[in-house]
Amino acid sequence: GNERWQTLKHTEVILTFARYEIKRAIARKKVLALVAFTILLSVLPYYALSQAGTNLIPTEVYPYLWVLAVLLVGPLFLNFTAILIAAGSMSEEYEQGTAELLLSKPVRRSDYIAGKFLGGYLLFLFILTLTLVLSIASAFTFFGAQNNLYLIPGLFIAQAFSSLLFFSLAFMLGELIRRSSLAYIFSSAVFFSSYIISVFLSAIFRVTGKEVYKTAQMYLPTSAAGSLPTQYALPRLPSTLSAALTSFSTSTSVPTINLSIEILLVYTIVSIAIAVAYFLRADISRKLS
C-alpha cells in the first residue's frame, strides 16, 4: 500500500545519498590515498617478516600469519581510517555550500544524514575488505598456504563493529563543529588521547595494584575497539601465535566479548543520537568561508 511505497521511496533516497557520498570521497582522492596506505601496511610487514627468517617467527605459525595485519595494525590504522572518512562527511558539505543546495530539494533530513552515514561506512568496509584480502595474499605469497581462513567472516564483523565507534564519533564531531579540519583534529585527539591515557592507566595499575585504574582503562573507547577482534580470534589460533600477539598487541584487553560489545554499543549509539538530534534541529548554514 501507500506505507510500503513511502518506505521504498525513502530507502531509494538514502541509497542515492550513499552513492553520492562514495562518489564525493573518490572525487576528493580520499579513497585513493587510503587504498595506497592499505596496500603499504598490508604488504610491507609480511615482506619484512619474511626477510627476518625463522629466528623471529617459528615456522609452525606461518600458516596463521594472515591475521597479523588486522590484529596488530588494525587497532590503529583501521580505526584511524574510520575517523578520516567520517570526520569530513558532514563538515565538508557545509564548507562547500552543498548541504544547503542538497537539502533545498524535497528530501527529508533524516534520509540525507542516513545516506551520508551509510555511504561513508561502506567506504570504510571497502578498506577493511581490502586489508583482509591483501593480508591473506601477502601471507600466502611470503609464508605459504594459510589455515583457519574460516575466521575471516567473524573477524571482518568484529573489526567492522569495533571501528563503528570511532566512525560514529568522528561523524558526530563533523556535524557539531562543521569544519572539516577541526573535526579531523578533535576526532584524532580523542583517539590518541584515549590510547595514551590507556597506557598510563595500565602502568599506574601495575605499580599500585588498584583496580580503579584498570576499570577506568577498560572503559576507554580504544580499549573496547581494540579488544573485540583480538577476543574473537585468539582462542581460535595456536597458543604460540596467541602469546606473541598478546605481547605485541597495542590494544587493551577488556575481560569479555560481551562487555566489549556493550561498551562499543554505548559509545556508538550516543554518538549517532547526538549527531542526528543536532542535525535535525540546527539551521543549515550557508557556505562557510
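This is a predicted model: local features need pLDDT of at least 70, side-chain atom pairs count only at pLDDT 80 or more; totals for chains, interfaces and linings use all residues.
Let me begin with a pair of helices: helix α2, residues 30-52, packs against α5 at an angle of about 25°, and their axes are 9 Å apart. Helices here are DSSP runs of H or I of at least four residues, strands are runs of E of at least two, and both are numbered from the N terminus. The axes are lines fitted to C-alpha atoms, for helices over the stretch in contact, and the angles run from 0 to 180 degrees between N-to-C directions. That angle makes α2 roughly parallel to α5, because angles under 35 degrees count as roughly parallel, over 145 as roughly antiparallel, 65 to 115 as roughly perpendicular, and the rest as oblique. The crossing of α2 and α5 is right-handed, a word used if the near helix is turned clockwise from the far one by less than a right angle, with anticlockwise being left-handed.

Residues are numbered from 1 along each chain as its sequence is written, and side-chain values use heavy atoms, with hydrogens and water left out.

Now, which residues make the contact of α2 with α5? Among them are Val-31, Leu-34 and Tyr-46 of α2, and Leu-123, Phe-126 and Phe-143 of α5, where contact means heavy atoms within 4.5 Å. The residues of this contact divide into 16 nonpolar, six polar and no charged; Ala, Val, Leu, Ile, Met, Phe, Trp, Tyr, Cys and Pro count as nonpolar, Asp, Glu, Lys and Arg as charged, and the others, Gly among them, as polar.

Helix α5 also meets α1, residues 2-27, and here the axes come within 7 Å and cross at roughly 50°, which makes α1 oblique to α5. This crossing of α1 and α5 is right-handed, and its residues divide into 13 nonpolar, four polar and four charged.

A further partner of α5 is helix α11, residues 257-281, whose axis comes within 10 Å of that of α5 and crosses it at roughly 140°, so that α5 is oblique to α11. The crossing of α5 and α11 is right-handed. Residues that meet there include Tyr-112 and Phe-117 in α5, and Ile-272 and Phe-279 in α11.

Let me turn to the loop between α5 (109-143) and α6 (152-177), where Asn-148 has its place. Phi of Asn-148 is near 60°, a positive value in a residue other than glycine. Leaving aside neighbours within four places in sequence, Asn-148 is in contact with Tyr-64, Trp-66, Arg-236 and Leu-237, and its side chain reaches the backbone oxygen of Arg-236 at 2.7 Å. Arg-178, in the loop between α6 and α7, likewise has a positive phi, of about 65°, although it is not a glycine.

Finally, the aromatic pairs: rings of Phe, Tyr and Trp (its six-membered ring) pair if their centres lie within 6.5 Å, with planes under 30 degrees apart counting as stacked, over 60 as edge-to-face and the rest as tilted. By this rule the count comes to 13 aromatic pairs. One of these joins Phe-80 and Phe-192, whose ring centres are 5.6 Å apart and whose planes are at 50°, so the pair is tilted. Phe-80 lies in helix α3 (residues 68-96) and Phe-192 in helix α7 (residues 180-208), so this pair ties together parts that are 112 residues apart in sequence.

Terms used
A polar contact is a pair of N or O atoms within 3.5 Å; within protein, one must be able to donate a hydrogen and the other to accept it, and residues adjacent in sequence count only if both atoms are side-chain atoms.
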